[in-house]
Amino acid sequence: MPVPKYISWFRDIGLDDRPRVGGKGGSLGELQRAGINVPPGFVVRTEAFADVIDPLERYSPLRSRIEALAADDLQMIGAVSRELRARIEDAPLPADLKLEIRDAYARLGGLAAPPAVAVRSSATTEDAADASFAGLQDTYLWVTQADSLLHKIRSCWASLYSLESLSYRLRHGIAESTAAMAVVVQTMVDARTAGVMFTRSPLSGDRSVITIEAAWGLGSALVGGEVTPDRWVVAKITGEISVRDISDKAIRHAQSPAGGVEQLAVEESLRREPCLSDQELDSLRAIARQIERHYGRPQDIEWAIDRHTQQILLLQSRPETVWSNKDSQTAAIAQASDPLQHVMRIFGGRR
Amino acid sequence: MNAKLKPREFPLPSSVKVIAGTERAQAAYPYHIQFSRTDDQKFWFYNSMHFPEPMSAFDMVTAEAAYCALGAANTRVHCLPTTLGIDHRIINGRVYIGGNAVTDPEEIARRTVEFQKRAFYYYENWESLYARWKTKMLQLIEDAKAIPDPQLPEFEPLEHVHAGRGIASNHDLLVTYQKTLEGYFRMWHHHFEFLLLGYGAYLTFFGFCKKAFPEITDQTIARMVAGIDAEIFRPDDELRRLARCAVELDVDAHFRDGATVEDIMRSLRAAGEPGRRWLEELQTSREPWFNINVGDGFYHYHRSWNDDLSMPFAAIPGYARSARAGKLQDREVERLRDERGRLIADYRELLANDEERAAYDQMISLAHRVFPYVEGHKFYCEHWYTNLFFNKIRSFGALLAAQGFFASAEDVFHLTHYELEAAIIDLMNAWSSGSEPRGPAYWPPIVTERRAAIAEWARHETPPALGPIPDVIDDPAIVMLWGITRESLDNWLSAGAATDSHEVRGFAASSGVVEGIARIVKSADEISRLQQGDILVCQVTNPTWTPIFQKIRAAVSDIGGSMSHAAIVAREYGLPAVVGTGNATSKIKDGQRIRVDGGRGIVTLLQ
C-alpha cells in the first residue's frame, strides 16, 4: 500500500500536524497517541481541500473576493457564501482522492459492513487555544455509504465559506490564505450515554474540579440543548462528588434506521435515573486528568459510552478558553514572601 | 426599599427573660456574668458549640477560666491586631459570648507592631516552645495528681503534732481547694498559649486554598493539614493493642457482648495468669490514654474511660474478632502520610503559576508546623487535666456529702466555685469550733432547686444570638473558633422558615452516601445499644467514640466542625459524616431510617 497522498490515520498524527489535519484531527491523533480511547478514524488532509479549491481559484479567484468584503455587510457576505458553497459542493474530486477515501472507509469497517461514521470539519484555524469558535463548521452524523461520505466531505469544505465562518474571519482579520479545511471521518459511537466534561469549573474557574454533563443516547441531544443533562461536580484529585443534579431527561437521540439521527422518548423508568454510575464518573475523571496533564492546560472534552461494549470513548478535546483568558489578566493570588507575613491575611484585618 | 427585605433581628439581651421559677438559680451566677442594660449595645451569640446544654453552677468555671485565659492571650500576650478578648454572660444556664473587635486603624497598626514581635517569635520558635509547653503541661498534670484527696480526721495526726507542723488539717482543705481551682485556671492559660496562633496559621492556608480552588471542600483542606500520629488517635490504638493482646492470651472470650464491666473484670481476674497479664496491659494503657472523656470535657458529667470502662470495653469484642480473623490492622501511618503528601502535591500542580506554588509551600509548611499543637492540646487540657479537676471537686463533694451537706457527692456541682469555697470554710469552721456546720441545713434545698432549674432550662429553646447584627464579622477569633460569619447569622435568622422538615443540615465532614437505621446515643451508657451497621447520631463526638466507628456506617452529630475529631476519624475510616447539625439528636428518632450525605452535609429522614 503506497503512502496515501490525501489521508492520514489518527494514530499517525498529532498536534504538530494541525496545519495539514486541522485542529480537530490533530487533537484526535494526539489523544490516541496519549493512550486515550478514541473511535477509530482518519483525516482527509488539507492537501485534498487545496487540490479541489486551487482549480476553482485559478478559474475565478475567491480568496481576494472574500478579503475585499466589508465585515459588517452581512447581505453581501451571504450572497458570496451561497455562491462559493454551491461551487465547492459541485466541484469534481480528483480520482485518486476518491479512491483513497473509499479505500480508507472500507478498511474502517474491516470485515463487517461499512460502518456509520461522523464527518466533521477540522479547520486549521479552529480549536486553536486563542480562537475557539467551535461549532461554526458542520458535522454530519451517521453517514453510512461511501457516496454519501464523499458528498459530506465536500459539504464540510463548503462550510468553511458559511456566512458565520466568513464573517468570523473578516471580523478577526484572519487571512484567507491561512484558512484551510481538513475533514475528520470517525466511526460513530452507538452511545448509551454521552456528554461533555470541563476540567475547570465553568462557574468559578476552579481548576480542582471537573464538571460532567451527560444524557442518554447520542451527545447531539445535549450539545444541541434539546435535553437538560444530568450534572456532576467531581473533585479532580480526590474523586469526591460534591454536586449530583439528576434531571428529567425526556428525550434521547439515536441512530435512525433511515440514516441520520432521530429523536426518541426515554423510557419512563430511566428518565429520572442518573445516566452514569459512580464508577463511570471516576473513569471519566481519570481520563480528564490524563488529557489535561497531556496538554498542560484545562480542557473541554466530548465523550460517549458505547452501548454494546460500555467502553468510554473520547470524541474530542479542546482547550478551555474563558477562564484561561481571565487568568492572564489577573495577578497571582499570593506570592512567596516572608513566610510569616501570610498570617497577616488572617490577623491583620486586611481581608 | 421594600420593607420585606429588612432582615429580621435577634432579640436584645434585655428582652430575654429568666424562665419563671428559676430566678434564684440564675442569681447564683456572679454579677459580672449576668446580662445588664449596657449589653444591649453589643452582639452576642450562644456558644452551643462548647456548651450545648444548660450549665450547672459549678461547670460555669470552665467558661470563666477559659475566656479569662483566651482574652489574656489575645489582648495582652500576643496582641492580636484586630481583636481583644471575649466577654461572656450566662442566662438560663446558656453561655453567650461576644467578641471585642479593634476597628481604629491607628490602634490596629500599633497592635500589629506588637503582634509581630510576639506572635512571629512563637511561629519562628514553635517546636522549642511547644516542647517546653509539653513539659509545663505534664508538670501541671503531675501537680494536680499530687494534690491529696480532702479529708478531716477527728484528731490531728500525732506525727503532725510531733513534727511541729503548726497548721491543722482544716487549713489543708482550703489549700487543696484553692490549688485545685488555681491549677484549672492555669491549665486554661496553657491551653490558649498557642491556640489562636495555631488556628491562624491553619486558616491562612485554608483561606488560600478556598481562593485558589473555590469549590474545594473543607474536608479536603483538612486532610492536607491533619496530623498523622497525633495524640487523639492513641486511645483507639491502645484498644487495638489490648484486643490483640486479649487474643494472644486467649482471654478475648471474656468480652461478651452485653456483659457489664464488673462481670468482665471479675471473670478476667478469675482467669489465672493470662487474665492477670491482660489486666496488667490494661493498666499500662489506662495511664495516660484512658484519660479521655466522653464529651468535650466542659461538663462534670463527661466522665473518662478511666472512670467508666464500658466505652472502651464495648469496642474490644469487635477488634478481637478482627484480630482472630487476622484482619485487625494498626493505623497505616506510612500509607496515610503518603496519601497526605500526594494530595498536597496534586493540588500544588493545579495552581496557576510558580508564584502561587511558592506561597502555597510556605503556607502548608507553617500549617504543618503548628498543627501538632492544634490537634494535641485537647488530650492534655480538655481531657486529661479536666478529668483530674472534676474528679478532685467530686472528692470534695464526697467529703461534704459525708458531713451531711449533700445527699450525694455529685450535688457539689450545683454550687458555684465561690459557693463551694464558702461551704468548705463552713466545714473548716465547724471542725475547729466543734459545732455543727450550717451547710446540711442550707444546701440541700438549693441543690434541689437548681437541679430542677437545669431541667427546666433544657426544655426551652434559647435564641442563637442576641443584640444588633454586625455588618461584617471580622474578628479572627470568632471566625476561627466558632466559624461564625455574616452568612451563618443570616441562616440563623431564616432558620425555621424555609428548612425542610425531612432534612437536617450540618457541616459536610466526610463524604459518601449511606442509608441506615439511626441510633441516638446520648451518653456512654448507651453505646452498647449500637448494632453493627447502625448510623450513630450523637451530641458531641470526640476521640472516645473512635472505637465504635468500626461498628457504624455513618456518623451524625449536633456539635462539631470539619476539623472536629469525629470528622477526622470518619475520614480515616472512610465513613460518611455530617457534624454540627445543631439538632440531629432531637430531630431524628431512634430507629428511624435516614440517609446521610456526608459530601453535602445533609441528613434526610426517610420515614
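In chain B, the domain assignment, whose bounds come from an automatic or database source, gives domain 1 (8–122 + 403–415 + 434–498), domain 2 (125–400) and domain 3 (501–605). This is a predicted model, in which local features need pLDDT of at least 70 and side-chain atom pairs count only at pLDDT 80 or more, while totals for chains, interfaces and linings use all residues. Residues are numbered from 1 along each chain as its sequence is written, and chains are lettered from A and ligands numbered from 1 in the order in which they are written.

The C-alpha centres of domain 2 and domain 3 of chain B lie 22 Å apart. Between these domains, 25 residues of domain 2 are in contact with 24 residues of domain 3; contact requires C-beta atoms, placed from the backbone, within 7 Å. On the domain 2 side, α11(B) gives the most, with 7 residues.

Attention now turns to strand β3 (residues 94–101) of chain B. Strands (E, at least two residues) are DSSP runs, as are helices (H or I, at least four residues), and both are numbered from the N terminus. Of the 8 residues of β3(B), 6 are buried, that is, with 20 or more other C-beta atoms within 10 Å of their own, whereas 12 or fewer means exposed and values in between mean partly exposed; C-beta atoms are placed from the backbone. Strand β2 (residues 83–91) of chain B runs antiparallel to β3(B), joined by 7 bridges; two strands pair if DSSP finds at least two bridges between them. Here I91(B) stands opposite R94(B). Strand β1 (residues 44–46) of chain B also pairs with β3(B) in the antiparallel sense, over 2 bridges, and Y46(B) has Y96(B) as its bridge partner.

Conventions. Contact = placed C-beta atoms within 7 Å.
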